[in-house]
Amino acid sequence: MRKARLFANGAIKAAIQDDTGALIIDNDRRKNALSLAMWRAIPDAMDWFHEQASRAVILMGAGERDFSAGADISEFDVVRADAGQARLYEAQNSAAFAAIRNAHMPVIAAIRGVCYGGAMGLAAAADLRLSDDTAVFAIPAARLGLAYPADAVEDLLRGLGRQMVRRALFTGAAFRAEQMLACGFLSEIVAPGELEAQALLLAQTISANAPLSVASAKLALLAAESGDDGLLREATVLGASTFESSDYREGRAAFREKRPPRFTGG
């Protein structure tokens, strides 16, 4: 059964089918650039996926050309006209990054065309990233006289590595998919025309596994990357809960009976 919800007057679209969700940035006439309303909508959309018990979410741009050109600079004279507004705007950016980063389920960024600025921050906050060979990546903040949000820099450091993140932030230069694969930012590059199918296959593979097991792994990874002792304790408790779960019983039964398991999340 397919369910869908529109946010930001349809510029952010959320849909879920068979436990797999899709979060679509839809501003195709502006290379899927994100307005302030769209930034604000992303946490609401992720909350909706949680309510629907989605097991994996694909993050992508609408159309056949671009992931996203990042923040919609054309509205900066209104929404970032002074320092106070700029700080509020950046807080909305950070809330969107956190909603992706801290989601209970894995988020997969499927990237084609431009992935610039804040859009690269969204991709960096995702758990897995794949692209086709049209993808181009850049962080032009230094060319606009802006600082990139510090929490997003953390995600970029984890994704790009120490040298490439410095090169990206200091120069504002654009990088091809092959360079992003080489530094570890991408898990794979797929053939043109196969991006959505490969992202869906990956999401469905994740969705077929035990939700508690996947959520426990994600939380443990967040704890390890952040060095947060509180998160580590939460991850330990959640991991221990799998030992008494119905899905653990189902996994053992399916192994004995030589059949695919049917996990419910319990």
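Reader: In strand E7, which residue is the bridge partner of Ile108?

Author: In this predicted model, strand E5 (residues 107–111) and E7 pair in the parallel sense. Four bridges make up that pairing. Within E7, the bridge partner of Ile108 is Leu128.

Reader: How many of the five residues of strand E7 are buried?

Author: A residue counts as buried when its relative accessible area is under 20%. Strand E7 is mostly covered by that criterion. The number of its five residues that are buried is four.

Reader: Within what arc do the buried residues of helix H7 fall, seen down its axis?

Author: Helix H7 comprises residues 162–171, and its buried residues are Met164, Val165, Ala168 and Leu169. They line one face of the helix, because, seen down the axis of H7, they fall within an arc of 125°.

Reader: Which exposed residues does the face of H7 turned away from its buried side carry?

Author: Exposed residues are those with over 50% relative accessible area. The buried side of H7 holds Met164, Val165, Ala168 and Leu169. The face turned away from that side carries the exposed residues Arg162, Gln163 and Phe170.

Reader: How many disulfides does the model contain?

Author: A disulfide is a covalent bond between the sulfur atoms of two cysteines. Here the cut-off is a sulfur pair within 2.5 Å. The sulfur of Cys115 is 12 Å from the closest cysteine sulfur, in Cys183, and is therefore too far for a bond. Cys183 is in no disulfide either, and the count of disulfides is zero.

Reader: Is Cys115 buried or exposed?

Author: The cut-off for a buried residue is under 20% relative accessible area. Cys183, at 24%, is partly exposed. Cys115 has a relative accessibility of 0%, so this residue counts as buried.

Reader: Which element gives the largest share of the lining of the largest pocket?

Author: The largest pocket has a volume of about 380 Å³. Of the 20 residues that line this pocket, the closest to its centre are Ala103, His104, Met105, Pro211 and Ala215. The elements that give two or more residues to the lining are helix H10 (211–226) and helix H11 (229–241). The largest share, seven residues, comes from H10.

Reader: How many charged residues does the lining of the largest pocket have?

Author: By class, the lining holds 12 nonpolar residues and six polar ones. The number of charged residues is two.

Definitions and conventions: Residues numbered from 1 in each chain as written. Predicted model: local features only at pLDDT ≥ 70, side-chain atom pairs only at ≥ 80, totals over all residues. Heavy atoms only, no water. Buried < 20%, exposed > 50% of the residue type's maximum accessible area, 1.4 Å probe, protein only. 1 Å grid on protein atoms, 1.4 Å probe; cavity = no way out; pocket = protein on both sides within 12 Å on 5 of 7 lines; lining within 4 Å. Points joined across faces, edges and corners; volume = space filled by probe spheres on them. Nonpolar A, V, L, I, M, F, W, Y, C, P; charged D, E, K, R; others polar. Pairing = 2+ DSSP bridges. Arc of directions from axis to C-beta.
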